[in-house]
Amino acid sequence: MNITVKIKRFDPEKDDAARWESYSVEADKMDRALDVLMDIKWHHDGSLTFRKSCAHGVCGSDAMKINGENKLACSVLLQDLVKEGGTLTFEPLPAASVIKDLVVDQSGFFEKYRAVMPWLINDSPAPEKERYQSAEDHEIIEEATKCILCGACTHSCPSTWADPDYLGPAALLKAYRYVFDTRDEESEERLKIVDSPNGLWKCYTIFNCVQACPKEIDITRWLSALKRKAVTTRF
Amino acid sequence: MTFSHDIVIVGAGGAGLMAALYAAEEGADVAVVSKLHPLRSHTGAAQGGIGAALGNEEEDSWLWHAFDTVKGSDYLGDQDAIEQMCKDAPRTIIELEHYGVPFSRTNEGKIAQRRFGGHTRNFGEAPVRRACYAADRTGHVILHTLYEQCVKKQVRFYDEYQVLDLLMTEGGTCNGVVAYEILTGDVHTFHAKAVCFATGGYGRVFKTTSNAHAGTGDGFALAVRAGVPLQDMEFVQFHPTGLYRLGILITEGARGEGGILRNSEGERFMERYAPTVKDLAPRDMVSQCIYTEIREGRGINGKEYVHLDMTHVGKEVLEHKLPEISTFSRVYLGIDPVEQPIPVAPTCHYAMGGIPTNVDGQVVRSGDRSDIVPGFYACGECACVSVHGANRLGTNSLLDLVVFGRRTGMAMAAAIKADNKKAALSENPEKRTRDTLESIMARSDGEKAVSIRTDLQETMMKNVSVYRNDDTLAESLSDLKDLRRRVKSVTVEDKGRKFNTDLMDAVEILFMMDYAEAIAAGAKNRTESRGAHSREDFSSRDDENWLKHTLFFGKGDDGYDIEYKDVTITRFQPKERKY
Amino acid sequence: MSKKYGHSAKSSAFQWFTHRITGTFLIFLLITHFWVQHYDRTTASISHSVITSAEADAGVIPEYSDAANEAVQQRRLNQGGIGRNPVVPADASAAQPTGQEATPYDVLMLRLGDPVYAVLWKGFNLLFLLFALHHGFFGVTNILSDYIRNDMLRVGAVSLAWTFALVLFIVGSYSVIVAGLNV
């Protein structure tokens, strides 16, 4: 099918502000949105810049705003985005500084991730065998471990748009994953970090993150559990 | 500018992070240089599991695991290394669990295990549950946990730095790398006491692959350019079940949980080829069987695919144990595996060969196993220890990464403790790199990387994939010669300095051309069929002449040399391979 | 670790939890308010009947329950006053159109001047006031602290908001407390 692709472009060495560029593209309805971008880069304009790697939704490189919603370009097909003759738009993730075209600076996003101490803390002597964890206890955190840290959620969150320093759903979900891991011994310290002015309480259960998540994680549900935990632990 | 660290690791997938973590645990100053953010590494795409004889679900022993691996390798694996890996496996998995990897659990709360192709009990009797898993995202949770631990240990990460050169002294000691900072377009030198390559595989030289776009085998090329040989490159694993046309991986765990392959007649054809283990035969066999079915006209609708039937497995298992592959089928093909079979075809998946190393990750530069390159280490898919021989068993790749990543990390830390000196850098270490980049950028007329790459992928897929013969291999070699000429005029449209991915595409195609020959040449010389290397003109295994490793020495435009190296055999004498 | 995030000694968990609690209470307070104010005037007073202004003009006196009668007597004794109608001031009718039902204001005043249950209704109104102000202004300050990125301005705006809330609370409390006292 023939579609018009509009891309919000920005070249830091030439442009003062972002500009829209349009391309007319021949594509198949079963193509991924990423295939369209690659086609443009390879056959129309080699300077078009975007991140990609696994191309099937597990590495999290290509989160961007497609037709106004944050998605992974490799995890959505054209047939679900655009009709014959229609227009498909690509923009970089909102609330992040743009490096070039669709590439955004994710250093702030990962700074938030590092802030919640995203690692297992257990200083008890390690047993010979694995630390046991019941299947039920594992299930509490299982969905949260699906997160690929693509940033679609955090950059879809109105609280993040307003306050760029808000920890955001991705980092808070990571905190949840460790606070609720029965093997972790340091949930109190982590709760003190998320229970801060830039933390958990800026989640107003807007559910944009849930809608944006390409791994279909019910983020708000787990953040609410984290809130209840913070309340019962801290006073 | 010049950065200085004890240890510089190139690549931040499972092997690189494991090496970084264990070296950092020993107190070394570790830097990890990667062309992607570490969490984008392709280890994250590993689905089904990681093999270790934990015996959590049923009786198991590391020796059975070693036997399966040797047999799976079609006896080309070095048995001392295989024994080392299978012995280290349970300990390493337990350590991963202690680091926080969220494995799926048994009812007792132990690490859950499932069946996988080629893994058997009591030396081939029946399938055994040996693959430790976290649903079908085992690689993903291992990658994330390792990165988290490295961040905790304050490993220094240089994200989105493309390594472009390996630095060696006159005397052949490795002392650093040169890397291009993608964000700024600056070239930097990394000066180190030890350099470790964990740069992953080369799936992207083939048209249909389960590998990431980043899987361009950069490390192989850098090693070849530095005069290091590549071992057993002709052994390329094609995973039997890639989504039709797309090549996206459908884990072998799907068959481990009961999935069945069927041809156009609805027949469970693997029963004919492997009566004992059926659909759980090793990947080389299953891929070859699928191609045979297709060639004999039993592909579905006359097309080049067969069906992976999961409909009898049940919604419960698909939703809980294989959620990702269900999503892939639904998203990319619009097929619900609960109700319809999944169209699958073999997809290029894994490089058995690579940079030859010993069990401590030290790179060996000739047929003599004690002839190591001081200061140069390799681990993961880019290395060839060799534990996979002619065909890797499922779950052994993640195991290879973590076992040898761990050993390499510890070995590097020990080495710099023993000898705490950095070999001095040469006068202008960045010159070669700058010259290459500038000449690409300055070229105004030439060919874009994409057209060269497409032709490379086409010829490799057509001539060097599952079935090969002398004619196809000769054709591929002549194509490669032609491509090698074309790549000299590779050009870029993006002339900017910042985040120039166009330039990176050009650099990658230059890399690919430097090792693609190793695959085709090794395959042409090896006049037998063994494991994943299947010659139509030499259809049987020939232990008398070919029970040996290939060593490829590239000489750029002057062609290449091929040497051979003996296989280490300890316990298991080569036998006919039947399943 | 970045300074921006580190752990904070001051927990905001209590405020968030209070917000939830006040929110929940507001639901019930609002239902009660709507019921007594706008739907069922007879519950406006528990201790006596409600009369319309026309009835008051005609000299009809509210009927007290036994307990209310006693309370009225007692208060009259305490105040030493005699013959004053405790519910509807004699001159109230002059200010109002005749022949109509009592206005919401009248009803409110009746309730807050109730000889027996005034304390309960005043308590209700004070609680309503407190919860509504806290809940509303907590939301407002959240918005202010989200959108004002300048530290000084943000602290200023938030303080100003809470000060305004306090003023509203004082004014509101005063009017609730004095209501019905002059009768």
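Visitor: Where in chain B is Asp78(B) placed?
Guide: Quick note: this is a predicted model, so local features need pLDDT of at least 70, side-chain atom pairs count only at pLDDT 80 or more, and totals for chains, interfaces and linings use all residues. Residues are numbered from 1 along each chain as its sequence is written, chains are lettered from A and ligands numbered from 1 in written order, and side-chain values use heavy atoms, leaving out hydrogens and water. Helices here are DSSP runs of H or I of at least four residues, and strands are E runs of at least two, numbered from the N terminus. Asp78(B) sits in the loop between helix 2 (62-72) and helix 3 (79-99) of chain B.

Visitor: Is Asp78(B) buried or exposed?
Guide: Buried means under 20% relative accessible area, exposed over 50%, and partly exposed in between (1.4 Å probe, protein chains only). Asp78(B) has a relative accessible area of 2%, so it's buried.

Visitor: Which side chain joins that of Asp78(B) in a polar contact of 2.9 Å?
Guide: A polar contact is a pair of N or O atoms within 3.5 Å; within protein, one must be able to donate a hydrogen and the other to accept it, and residues adjacent in sequence count only if both atoms are side-chain atoms. At 2.9 Å, the partner of Asp78(B) is Arg369(B).

Visitor: What is omega for the cis peptide bond between Val385(B) and Ser386(B)?
Guide: Asp78(B) touches both Val385(B) and Ser386(B), where contact means heavy atoms within 4.5 Å. The cis bond joining Val385(B) and Ser386(B) has an omega of about 5°.

Methods. Lists of a residue's contacts leave out its neighbours within four places in sequence.
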